[in-house]
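Work through these exercises with the structure open beside you. Try each task before you read its solution.

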Amino acid sequence: MTDIAGHAGLKFAVYREHYDQIPRAKRVKEILEQDPEITHVAMVHSETTSGILNDIEAVGKVVKAAGKVFIVDAMSSFGGMEIPVKDWGIDFIISSANKCIQGVPGFSFIIARKDLLKVSEGKARSLSLDLYDQWKTMEADGKWRFTSPTHVVLAFAKAMEELEEEGGIPARHQRYADNNRLLIEKMKEMGIRPYIDAEHQGPIITTFFYPEHADFSFQEMYDYIKERGYAIYPGKVTEADTFRIGNIGEIYREDIEKLCSLMKDFLEERNR
Ligand SMILES: *Cc1c(COP(=O)(O)O)cnc(C)c1O
């Protein structure tokens, strides 16, 4: 977000928290009180870096109470959990075709408050990412301003059908949450602990500490699992020794069980 804001030439302030901590609504309130120049607040919902689920409801409340615009990056949560956009005071929520909607990559979408969208006319700092202009064009003839990503749109329509067939967002959320719970439980049996505490762990992606083996090699485990049909996130992102497992997509209980038994085999083989 700071990269994006920097490239767009925006003036911005950053409120940072440690990877395993959520931003506190109380702190956001203080920052807004201390700096009345701030007009917009942007934050991530499901933080893909760690798997933490941020409390956008609480932050939304203080942002609205301060009369500011609230922008939420819900890339990896939208479609995978209920988000009462209006009730939580979200003015712009951003997601894409290829995460919890389970389509293919190719476009993103924004659910926006129309009055705020309208006052953004002519303010875009980028030609291709001019949201107002895109909206106006779609309102006029239903088209993308530039070449339409036709295949992605078709895949998206199919993905939406499948979401409905699954039972909508509540059913998908249940599947993700069940998979996540099972994953954490099975990993704990192997002595592998999650990085985020249970209260803040989101259902989409989970970060785990390396098992406490002196000779554990993530790369070897990654390759071992991949050769047997499953891909986990490569590499670590936190300063701690951790790895991540994501469960967006057509992933079911059997897959979690299979993955965990592969990990178990790997660890046992290494320990022999
Ligand atoms: C995936 C993701 C992004 C980036 O999406 P791209 O399609 O790579 O642009 C941004 N934020 C979050 C929280 C994400 O999960």
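## Exercise 1: Helix H7

Task: List the residues of H7 that are buried, and find what they pack against.

Solution. Start with the buried set. In H7 it consists of Gly168, Arg172, Arg175, Tyr176, Ala177, Asn179, Asn180, Leu182, Leu183, Ile184 and Met187. Bear in mind that this is a predicted model.

Next, recall a rule of helix geometry. An α-helix has 3.6 residues a turn, so residues three or four places apart point the same way.

Now look at the partners. The buried residues of H7 pack against helices H6 (150–166) and H9 (253–271), and against strands E5 (205–209) and E6 (242–246).

Then check the length. H7 covers residues 168–189, which is 22 residues. From first C-alpha to last it reaches 32 Å, close to the 32 Å expected at 1.5 Å a residue.

Finish at the end of the helix. Gly191 follows H7 and has a positive phi, near 80 degrees.

## Exercise 2: Pro203

Task: Decide whether Pro203 is buried or exposed, and name the residues it touches.

Solution. Locate Pro203 first: it sits in the loop between H7 and E5. Its relative accessibility is 9%. The limit for buried is under 20%, so Pro203 counts as buried.

Now list its contacts, leaving out residues up to four places away in sequence. Pro203 touches Met81, His173, Tyr176, Ala177, Asn180 and Asn247.

Last, compare sequence with space. Pro203 and Leu53 are 150 residues apart in sequence, yet their C-alpha atoms are 8.2 Å apart.

## Exercise 3: Thr207

Task: Find which backbone oxygen the side chain of Thr207 reaches.

Solution. Go to strand E5, where Thr207 lies. Thr207 counts as buried, because its relative accessibility is 0%. Follow the side chain of Thr207: it reaches the backbone oxygen of Ser50 at 2.6 Å.

Then widen the view. Beyond its neighbours within four places in sequence, Thr207 is in contact with residues including Thr49, Ser50, Gly51, Arg193, Tyr195 and Phe243.

## Exercise 4: Gln102

Task: Name the side chains that form polar contacts with the side chain of Gln102.

Solution. Find the loop between strand E3 (92–96) and strand E4 (108–112); Gln102 lies there. Its relative accessible area is 16%, so Gln102 is buried.

Take the polar contacts one by one. The side chain of Gln102 meets that of Arg175 at 3.1 Å. It also meets the side chain of Glu250, at 3.1 Å.

Gln102 is not a glycine, but its phi is positive, about 65 degrees.

Note on methods
Residues are numbered from 1 along each chain as its sequence is written. This is a predicted model: local features need pLDDT of at least 70, side-chain atom pairs count only at pLDDT 80 or more; totals for chains, interfaces and linings use all residues. Side-chain values use heavy atoms; hydrogens and water are left out. Helices (H or I, at least four residues) and strands (E, at least two) are DSSP runs, numbered from the N terminus. The expected span of a helix is 1.5 Å times one less than its number of residues. Buried means under 20% relative accessible area, exposed over 50%, partly exposed in between (1.4 Å probe, protein chains only). Contact means heavy atoms within 4.5 Å. A polar contact is a pair of N or O atoms within 3.5 Å; within protein, one must be able to donate a hydrogen and the other to accept it, and residues adjacent in sequence count only if both atoms are side-chain atoms.
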